[in-house]
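Q: I am new to this structure and would like to learn how to read its features one by one. Could you take me through them?

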Amino acid sequence: MNPLNLHRSRLTPQMHSVLDRMARAGHPPLHTRSPADARVAYEAGSGVLEVPKAALARAEDFTIPARDGYALPARLYAPSADAGLPVLLYLHGGGFTIGSIATHDILCRELSRLAGCMVVSLDYRLAPEHRFPTASDDAWDALAWLAANAEQIGADPARLAVGGDSAGGTLAAVNAILARDAGLPLALQLLIYPGCAAHQDTPSHALYAQGLVLEEPAISWFFGHYVQTRAEREDWRFAPLLAPDVDGVAPAWIGLAECDPLVDEGVDYADKLRLAGVAVDLEIYRGVTHEFIKMGRAIPEARQAHADAARALRNAFQLE
């Protein structure tokens with residue numbers, strides 16, 4: 001049986017059509033390529049199903065210093081030239097191995113346009129050239145820099161949020177915990193199908209292991225480049241579900257795809273936050289897969305998720 005047919009009854013017609021077209025295209029899976037080749041392939045296909053590219057008043061490249069002196073590339077998006085806009089640090093997905101500012105350019109533009117806030121997208125360093133915990137350290141260095149230098153880029157240091165998708169959602173969740181520990185107040189953590197668990201052993205990992213966008217061999221390939229030992233996998237900076245406590249972290253908006261290996265751990269993390277008294281807005285988009293957030297041209301749920309995430313940002317930033 002075609003693995004895609006295993007999930008036909010769960011998928012929306014639009015999602016099934018996208019997956020069918022992807023299967024017919026016959027491109028070699030990313031996990032069969034070298035990391036360098038996979039990055040090129042991912043970037044080449046990243047905009048195919050995106051909504052139209054929004055024109056914004058500001059879209060500027062700059063750098064943020066990491067703790068070791070490395071200049072992290074970043075891109076600032078703003079819907080107006082007004083000073084004092086709230087700012088979201090956005091961390092792209094890609095299994096800590098692929099993805100870039102370029103692959104998430106349209107998504108970040110859309111969040112800025114819809115939410116009316118500034119977005120800073122970060123090119124944190126990727127594995128296997130830079131293994132755990134480099135991505136986490138880079139993300140935290142960028143957030144700490146923004147908090148200290150927001151006015152330098154025209155942002156409001158009192159209205160700061162962090163967000164990301166997939167591996168970037170992991171980094172955002174970790175940043176929220178580090179911000180709590182550092183006494184840095186955040187308005188929101190925006191988590192789009194984040195990875196949260198140390199091991200891929202939830203029921204959804206078994207149910208959706210094949211036939212969809214993110215398959216088990218790809219997850220093992222991504223994580224194998226980033227974390228090398230069991231101890232690293234069970235470090236909460238890789239698996240925030242294992243954080244000793246999440247009391248007092250920022251409120252969360254969590255958007256999950258129903259047909260995604262990561263959906264169960266996303267729900268588990270929402271539960272962990274709620275048990276600690278953290279306000280959580282959880283949305284599960286039915287009949288869609290991992291990566292749907294970047295398919296707005298074809299998948300209505302992506303456009304709904306853009307609007308929902310933007311509304312959460314506006315509420316958190318008191319823009320409503």
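Predicted model: local features only at pLDDT ≥ 70, side-chain atom pairs only at ≥ 80, totals over all residues.

Q: Which residues lie nearest the centre of the largest pocket, and how many line it?

A: A pocket can be read through its space and through the residues of its lining. Here the largest pocket holds about 1,400 Å³ of space, and its lining is made up of 50 residues, with Met22, Leu30, Tyr42, Leu212 and Val213 lying nearest the centre.

Q: Which helix gives the largest share of that lining, and what classes of residue are found in the lining?

A: Helix H1 gives the largest share of the lining, with six residues. Helix H1 (13–25), helix H2 (35–45), helix H5 (167–182) and helix H7 (216–226) each contribute at least two residues to the lining of the largest pocket. Sorted by class, this lining has 30 nonpolar, 14 polar and six charged residues.

Q: Why does glutamate 110 count as buried?

A: The term rests on a cut-off, since buried means under 20% relative accessible area. Glutamate 110 has a relative accessibility of 8%, and therefore it counts as buried. This residue is found in helix H3, which covers residues 105–115, and, when residues up to four places away in sequence are not counted, glutamate 110 touches Val51, Pro52, Ala54 and His306.

Q: Which residues have the most contacts inside the largest nonpolar core?

A: The largest nonpolar core has 73 residues, and those with the most contacts inside it are Leu89, Leu91, Val120, Leu122, Leu143, Ile153 and Leu273. Helix H5 gives the most to this core, namely nine residues.

Q: What is leucine 122 in contact with, leaving aside its neighbours within four places in sequence?

A: With those neighbours left aside, the contacts of leucine 122 include Ile64, Leu72, Pro73, Leu89, Leu91 and Ile101, and also Asp138, Ala139 and Ala142.

Q: How many residues of strand S6 are buried, and which way do they point?

A: Strand S6 (residues 188–192) is mostly covered, with five of its five residues buried. Leu188, Leu190 and Ile192 point one way from S6, whereas Gln189 and Leu191 point the other way.

Q: How many bridges join strand S5 to S6, and which residue stands opposite leucine 190?

A: Strand S5 (residues 155–165) runs parallel to S6 and is joined to S6 by five bridges, and glycine 163 stands opposite leucine 190 in S6.

Notes
Residues numbered from 1 in each chain as written. Heavy atoms only, no water. 1 Å grid on protein atoms, 1.4 Å probe; cavity = no way out; pocket = protein on both sides within 12 Å on 5 of 7 lines; lining within 4 Å. Points joined across faces, edges and corners; volume = space filled by probe spheres on them. Helix = DSSP H or I, 4+ residues; strand = E, 2+ residues; numbered from the N terminus. Nonpolar A, V, L, I, M, F, W, Y, C, P; charged D, E, K, R; others polar. Buried < 20%, exposed > 50% of the residue type's maximum accessible area, 1.4 Å probe, protein only. Contact = heavy atoms within 4.5 Å. Core = buried A, V, L, I, M, F, W, Y, C linked by side-chain atoms within 4.5 Å. Pairing = 2+ DSSP bridges.
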